[in-house]
Amino acid sequence: MKLGAHLLDLAANSSALVRDTLKAHGDRPLSEYLGSLVGDASTTIRPPEDFLSSVRQRASALYDPETAQAAVAELRANPIVPTSNHFGVDTFADSIHGTLLFALRPRAVEAPPRTVVVLGFSSISLNNLTYPMGLLLYDPKRGDLATFPQRLPIMPNRLKHCAVAAAPRLEAGMVDRARTTLRRMAASGDITPFGERSADQVLQEDFAAPEILSLPSHAHQATRINTRLWRKLFRDGTSAPRLVQLPVEPICADLLCRDLGNPESLAHTLLFTARTRDALLTALDGARGCWSLDQPGQPSANPAGTTFFWALTDSGRRVALTLRGPPSALRLSGTDPHGTELSWEFTPEGVTEGLREGRLFPSLFSCFLTLAFARGLRCVGGYYQAEYLPVMQQGVIEALSAGGAPRPMSELVARTPTNICLAGLQASGRVLADGRVIPAGPVEIAGAGGFTEADIAAMQTVTVRDAYLLAFPELFHHLVPGAVLPPGWGSLLAAENGGRSQCGVRLEGR
């Protein structure tokens, strides 16, 4: 058995999503798989105006009114968005390829100009998987895929635990230091001439551009840099959809400020009806992205989650919160790294005040509660989301039943699709000098000249099986942690990918 086939078997055994996707679509082209993401337009829940109004407001602030209107028109016509992305400068190959495939999907309703709206999480730290504090470079150190991708820092290391939402603006000195580091990497042979040239071009043209450095916030800078990188994916003359990237938490905070004041809303029912809340806390005890119960009825945050909301410190670090106190006087409380306690009254008024001040951020659970379960938005996720979102959905349904909530509320939650996934599928790769094919991020795609119209068409003919294998050198250890594999398995797989004639669009980045 070839290594690629073995890895697919391991992935299928580890992930029901991969198993079912391979079974249903493995030998089919990506065009057919992308078509399966399009829901029945007659049964799709229409996005409510409060959601669209928040999108318009946030997009107008980060972009301009025209872009905001295009985003709203797209979401009104096609209420489906990627939600596994991280907000901030994004050079993570898997999220870039996922967004590109999402852009290529057929749409239930055409709403020109074609616009891709992405909702990314901004409460996570700058050194998260997508590494928004710098660049991810898909240029293996001395050809060794064990050091792949390489990280090129731009922001200082002291900010690595700062939430992206609180990150300071990029400055010219940061970019200058990154270029110095890049030259040092090239001099020592840790990066190829192609890798150095491609990264330096991005640093000069996109990060160091005066119009970028003069923007008023890191969020403005990140969205504009991502727009520039997105356009560089497409060769001159190739049509490119408009990209609109927004942080998801402020949108959900806007909606929660409305919902928490309405006793008939789903959020108010789940969080402030005692019997329903207790059932919810128990149902999702220990679930990914939720919370853990130390003792029955005493919720406490675990490293992977928090109870409904995160707190944000003055230094920009997020703090997990727990519910403490007697039932008649519950508080959301947590302790920052310096031992200072942060606390809010757990009432609609107390939580709303924290959200409006920007000191409280909706958690992963609360974001999906607000967008997917309360408003029916179709959320396209990754491996993890496809596992935890159905669990959250079932927990909410159980809690509503236990609390005696009206049946239509549970029915609305149950109608929400929770297993839509585009992660781990890449339809193109970079060819190394020795013929190995490896994943490529936007830096390398731009350095190779971008995709042509013919490339875009060819991507859609790649099979789902091959698209998984192209992504595995970067992602497999996330999908199947602890798997026992032969030494140098990534390089072996990249060689196999290079030897398969139909293995995606090949970029000559040398």
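Two strands are said to pair here if DSSP finds at least two bridges between them, and strands (E, at least two residues) and helices (H or I, at least four) are DSSP runs numbered from the N terminus. The model on screen is predicted, so local features need pLDDT of at least 70 and side-chain atom pairs count only at pLDDT 80 or more, while totals for chains, interfaces and linings use all residues. Residues are numbered from 1 along each chain as its sequence is written, and side-chain values use heavy atoms, with hydrogens and water left out.

Begin by selecting residues 322–324 and 331–335, which are strand 10 and strand 11, and which pair in the antiparallel sense over three bridges. Leu-323 has Leu-332 in strand 11 as its bridge partner, and the two strands form a hairpin with six residues between them, where Gly-325 in the turn has a positive phi of about 105 degrees.

**Aromatic rings**

Now display the rings of Phe, Tyr and Trp (its six-membered ring), which pair if their centres lie within 6.5 Å, planes under 30 degrees apart counting as stacked, over 60 as edge-to-face and the rest as tilted. The structure holds twelve aromatic pairs. In one of them, Phe-121 and Phe-368 have ring centres 6.1 Å apart and planes at 45 degrees, so the pair is tilted. Because Phe-121 lies in the loop between strand 2 (115–120) and strand 3 (134–137) and Phe-368 in helix 15 (residues 364–375), the pair ties together parts that are 247 residues apart in sequence. Phe-121 is buried (under 20% relative accessible area, with exposed over 50% and partly exposed in between, using a 1.4 Å probe and protein chains only). Phe-368 is also buried, at 2% relative accessibility. For a cluster, select Phe-272, Trp-291, Phe-308, Phe-346 and Phe-365, which are linked by ring pairs.

**Cysteines**

Which cysteine sulfur is closest to that of Cys-367? It belongs to Cys-252, at 3.8 Å, too far for a bond, since a disulfide is a pair of cysteine sulfur atoms within 2.5 Å. By this rule the count comes to zero disulfides. Cys-367 is buried, with a relative accessible area of 1%.

**Helix 16**

Finish at residues 383–402, helix 16, whose 20 residues reach 30 Å from the first C-alpha to the last, close to the 28 Å expected at 1.5 Å a residue, where the expected span is 1.5 Å times one less than the number of residues. Its buried residues include Tyr-383, Met-392 and Leu-400.
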